[in-house]
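Could you walk me through this model, starting with the overall fold and then going residue by residue? I would like to know what sits where and what touches what.

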Amino acid sequence: MSDSSHGHTPAAWTGVVIAFIGFMVSAVFMVMAQPLGVVGGLVLACLGGVVGMIMRSMGLGKPKEEPQPQPQRVMAGSN
């Protein structure tokens, strides 16, 4: 599992940071009882996911791995 690069890419970090900021903005406005600010923060949080996907499509995310073919198993005693 140590060779996994899940989440260790610029696309992942950028998306998570933007989403985190959006949730923090939303939380502050929730305490201040400002519904418009809460919605704005949640929109910003969703924007983090969109930015992450755009960056991944630009090649800044984890590359997709090609599926490895499974070896054929031969059962003992079957002819």
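Here is a short tour, from the whole chain down to single residues.

## About the model

This is a predicted model, in which local features need pLDDT of at least 70, side-chain atom pairs count only at pLDDT 80 or more, and totals for chains, interfaces and linings use all residues. Residues are numbered from 1 along each chain as its sequence is written, and side-chain values use heavy atoms, with hydrogens and water left out.

## The chain as a whole

The secondary structure comes to two helices and zero strands. Here helices (H or I, at least four residues) and strands (E, at least two) are DSSP runs, numbered from the N terminus.

Of the 79 residues, 18% count as buried. The cut-offs are under 20% relative accessible area for buried, over 50% for exposed, and partly exposed in between, with a 1.4 Å probe and protein chains only. The accessible surface of the chain is about 6700 Å², and 69% of that belongs to carbon and sulfur atoms; these areas come from the Shrake-Rupley method with a 1.4 Å probe, and for residues only the protein chains shown count as cover. If you take contacts (heavy atoms within 4.5 Å) between residues at least 6 apart in sequence, 54% of them join residues at least 24 apart.

## How the helices pack

Two packed helices are described by the angle between their axes and the distance between the axes. In this chain, helix α1 covers residues 10-31 and helix α2 residues 35-60; they pack at an angle of about 180°, with axes 7 Å apart. That makes α1 roughly antiparallel to α2. For reference, angles under 35 degrees count as roughly parallel, over 145 as roughly antiparallel, 65 to 115 as roughly perpendicular and the rest as oblique. The axes are lines fitted to C-alpha atoms, for helices over the stretch in contact, and angles run from 0 to 180 degrees between N-to-C directions.

By class, the contact of α1 with α2 has 17 nonpolar, eight polar and one charged residues. Ala, Val, Leu, Ile, Met, Phe, Trp, Tyr, Cys and Pro count as nonpolar, Asp, Glu, Lys and Arg as charged, and the others, Gly among them, as polar.

## Along helix α2

Glycine 52, in helix α2, is buried with a relative accessible area of 12%. Leaving aside neighbours within four places in sequence, glycine 52 is in contact with Ala11 and Gly15.

## Around the loop

Valine 38 is in helix α2 and counts as buried at 15% relative accessibility. Setting aside neighbours within four places in sequence, valine 38 is in contact with Ser26, Phe29 and Met30. Valine 38 and valine 25 are 13 residues apart in sequence and 7.2 Å apart in space, C-alpha to C-alpha.

Beyond neighbours within four places in sequence, serine 26 is in contact with Gly37, Val38, Gly41 and Leu42. Alanine 33 is in the loop between α1 and α2 and counts as exposed at 59% relative accessibility. Most residues other than glycine have a negative phi, but alanine 33 has a positive phi of about 60°.

Threonine 9 is found in the segment before α1 and counts as buried at 11% relative accessibility. Not counting residues up to four places away in sequence, threonine 9 touches Leu60, Gly61 and Lys62.

Lysine 62, in the segment after α2, is partly exposed at 37% relative accessibility. Lysine 62 and alanine 12 are 50 residues apart in sequence, with 8.8 Å between their C-alpha atoms.
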